[in-house]
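Please consult the sequence and the structure while reading.

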Amino acid sequence: MKEQTVTFFVNPLVPAFLAGVAPFLGGFIAFRKDQIAHVFNPQGSMPDGAMLSGWGDLGICAVLLSVLVYGFAQHKRAEAITSKVRIEELGKRSEELKKLIETLPPQGFLRKYKDLLDVTYEFVASALEAKPNSSEDAIEAILSNLAHLTAYFDGIHGSSRYGVNVMVFEDFATIDSARSDYLFNEAKFKESGISKQALKGVLTTDRRYAFTLTQEIELDSSTPQLILPIPSHDQLKDHAGRTTVLPGAPEAFCNGEHRYCDDTAGLENLCRETGLRQEIAEKVDTYFKEYGQNIKSFLSLPISIPSDSGVKRVGIVNIHSNRKNMLRGTEGAELFVPLAAPYCYILAQIWRTQLAPRLDNFE
């Protein structure tokens, strides 16, 4: 049954119309019973044309009865189809609701969120007063609490391991040539034959601000010095319009939006779908197999500060786990990102007022 037909017969006016046809048919038969009787009992005297009139009346009765039976049958069929569709939609919505519930943080998470934010504020207040070592302590508190929030959000403990680190953007246009040459040569996952002019700069891991959380938060001395290329503006896409930016932190930095990966084993294929060469996909796959065994999923959040031209992105916060589907998958990550936003804003404020003036790689 076509959708338009179902819509027509499921309309409440249809049973109302059929309800009107039934008494009309009964009344018509009662009123014309003598003429109709002549059709079935032609014996005896009949007025001229009585037989013809009886057949006409019988035809009208047949038409009305057909309309009644057909309309009732189609109405019931349309109702059955509509009910089936509604049940299927209800099933889909039930699955969506179930999935949404599974992505929600555990009970008590928001209370822990508030408590951690209060603790962070105390460190930030000291940092903004420019007390000795207060900026470093504040950044450590921010990153530590982000790692704790992620663990609380997942609601999983035991063998779960979480890491958090900061990557700083170093703009080749604002640092000396010796430094930019070094960073360019050490950058990972850049295409062979690429020139330094094709890059705007790099993201570098600041190992002072790399922490790991199992039972307690501690400095992660095993964090590698990772340097990732950031293409210049005219190199962000290839001739086919595909991105040439590495997924993860570089993509988050270039787009100014968070990037989430639920399973790093899929990064190789993700790279192959972009404008990056096959060699880059292979390098990414090798890196995570050899050095990134404790990084099965991650979230990259951009850090931005106000500037004369609007907003300037200065770095990235990476949160990662040794479990796949950290933050309960993509849907959960979408819920978590707004909760992490205040921490990123606070970090950006400290960065702008306290750290940026002391770093050579900032304007």
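**Basis of the description**

This is a predicted model, in which local features need pLDDT of at least 70, side-chain atom pairs count only at pLDDT 80 or more, and totals for chains, interfaces and linings use all residues. Residues are numbered from 1 along each chain as its sequence is written, and side-chain values use heavy atoms, with hydrogens and water left out.

**Overall make-up**

The protein contains eleven helices and seven strands; these are DSSP runs numbered from the N terminus, helices (H or I) having at least four residues and strands (E) at least two. Of the 363 residues, 42% are buried. Buried means under 20% relative accessible area, exposed means over 50%, and partly exposed lies in between (1.4 Å probe, protein chains only). The accessible surface comes to about 20,400 Å², and 56% of this surface belongs to carbon and sulfur atoms. Such areas come from the Shrake-Rupley method with a 1.4 Å probe; for residues, only the protein chains shown count as cover. Among contacts (heavy atoms within 4.5 Å) between residues at least 6 apart in sequence, 71% join residues at least 24 apart.

Helix H6 has 21 residues and reaches 30 Å from its first C-alpha to its last, close to the 30 Å expected at 1.5 Å a residue. The expected span is 1.5 Å times one less than the number of residues. In H6, 17 of the 21 residues are buried. Leu146 is found in this helix (residues 134-154) and, at 1% relative accessibility, counts as buried. Beyond its neighbours within four places in sequence, Leu146 is in contact with Val317, Ile319, Phe336, Ala340 and Tyr343. Just after H6, Gly155 takes a positive phi of about 65°.

In helix H10, Ile280, Ala281, Val284, Asp285, Tyr287 and Phe288 are buried. These residues cover an arc of only 160° around the axis, which puts them on the same side of H10; the arc is that of the directions from the helix axis to the C-beta atoms. The buried residues of H10 pack against helix H9 (267-272).

Val63 is placed in helix H4 (residues 50-103). With a relative accessible area of 52%, Val63 is exposed.

**Salt bridges**

Side chains of opposite charge can pair when their charged atoms come close. A salt bridge is counted where a side-chain nitrogen of Lys or Arg lies within 4 Å of a carboxyl oxygen of Asp or Glu, and the count comes to 16 salt bridges. Three of them are tabulated below.

| Salt bridge | N to O distance |
|---|---|
| Arg161 and Asp220 | 3.4 Å |
| Asp171 and Lys200 | 3.5 Å |
| Lys196 and Asp181 | 2.7 Å |

Lys196 lies in the loop between helix H7 (177-186) and E2, and Asp181 lies in H7, so this pair ties together parts that are 15 residues apart in sequence. Asp181 is partly exposed, at 36% relative accessible area. Arg161 is buried, with a relative accessible area of 16%, and its partner Asp220 is also buried, at 8%. Asp171 counts as buried at 11% relative accessibility, whereas Lys200 is partly exposed at 39%.
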